[in-house]
Amino acid sequence: MAVVGVLALQGSFNEHIAALRKIGVKGIEIRKPEQLRDVTSLIIPGGESTTMAKLAELHNLFPALREFVKMGRPVWGTCAGLIFLANKATGQKTGGQQLVGGLDCTVHRNFFGSQIQSFEAELPVPELASKEGGPETFRGIFIRAPAILEVGPEVQVLADFPVPSKRLLGSDPSLEDQKENDEEESKVIVAVRQGNTLGTAFHPELTADTRWHSYFLKMGNEITEAASRSCVPVEVSVCHKQPPQNDLPIFQ
């Protein structure tokens, strides 16, 4: 059985491990570089990206994380983890932070605003639904969430989200929303895949819907299949429950 590592420096690593357990997969906490040798894939959870970066530097994790990505191992970043995996990040605090890289994209940190501006929204997810079944939408939980502003040619967009155009023209996302009649609608990207690297701006681990975890696990199974055709991959039986009722407002 595949063993999935979950970076456990700060943030929602326990929730990811619980979601993996629901689909019959073992997740282990990763805090030291040498622990990466014991896992086949890695999840970098949501949390406070600056704090996570400082702790990763303290534990000398960045070289090992970058090597893990370069080796083509499956890696998934959610929210702060997405920022970690981006090749470029904007809207950072003074001095910025180290990035792992691997996703050919530009991420805007805290694009959707502060903690009190967190929200939930139904996201069209045709690729996820075609691979994992279930509803055609996924309820995204956005908490101090980033957004992807640009992607390279090899990046597959898995989900996007409509926003007022002025948000993409340098306006401060913490300001009050502009009047809808005064501006056109654009979209920002909130989920991508590039090879074996997956990124979501929202928090699937905070829902009862485990389809993203199943989707990510199958990325790891693809690696196992390629390495040894004589091995039969373990099929994961997933019960897709309806997500819980709203705890956060719908983004307008």
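Setting aside residues up to four places away in sequence, Cys79 touches Gly46, Ile143, Arg144, Ala145, Pro146, Thr200, Ala201, Phe202 and His203. In this predicted model, Cys79 is found in the loop that joins strand E4 (75–78) to helix H4 (80–85), and with a relative accessibility of 2% it counts as buried, because buried means under 20% relative accessible area.

The unreviewed UniProt entry places the feature "active site" at Cys79, His203 and Glu205; these positions are spread over 127 residues of sequence, yet they cluster in space, with a largest C-alpha distance of 10.9 Å. Glu205 lies in the loop between strand E12 (197–200) and helix H6 (211–227) and is likewise buried, at a relative accessible area of 5%. Beyond its neighbours within four places in sequence, Glu205 is in contact with Ser12, Glu15, His16, Gly46, Thr78 and His213, and its side chain makes a polar contact of 3.3 Å with the side chain of His16.

Phe202, one of the residues that Cys79 touches, also belongs to a cluster in which ring pairs link Phe111, Phe112, Phe119, Phe138, Phe142, Phe161, Phe202, Trp212 and Tyr215. The model has 14 aromatic pairs. The rings of Phe111 and Phe112 have centres 5.1 Å apart and planes at 85 degrees, so this pair is edge-to-face; Phe111 is buried at 1% relative accessibility, and Phe112 is buried at 3%. For Phe142 and Phe161 the ring centres are 5.9 Å apart and the planes stand at 35 degrees, so the pair is tilted. That pair links distant parts of the chain, with Phe142 in strand E8 (residues 137–142) and Phe161 in strand E10 (residues 156–164), 19 residues apart, and both Phe142 and Phe161 are buried.

Conventions: Residues are numbered from 1 along each chain as its sequence is written. This is a predicted model: local features need pLDDT of at least 70, side-chain atom pairs count only at pLDDT 80 or more; totals for chains, interfaces and linings use all residues. Side-chain values use heavy atoms; hydrogens and water are left out. Rings of Phe, Tyr and Trp (its six-membered ring) pair if their centres lie within 6.5 Å; planes under 30 degrees apart count as stacked, over 60 as edge-to-face and the rest as tilted. Buried means under 20% relative accessible area, exposed over 50%, partly exposed in between (1.4 Å probe, protein chains only). Helices (H or I, at least four residues) and strands (E, at least two) are DSSP runs, numbered from the N terminus. UniProt positions are given in the numbering used here, feature names are shortened, and annotations may be inferred rather than shown by experiment. Contact means heavy atoms within 4.5 Å. A polar contact is a pair of N or O atoms within 3.5 Å; within protein, one must be able to donate a hydrogen and the other to accept it, and residues adjacent in sequence count only if both atoms are side-chain atoms.
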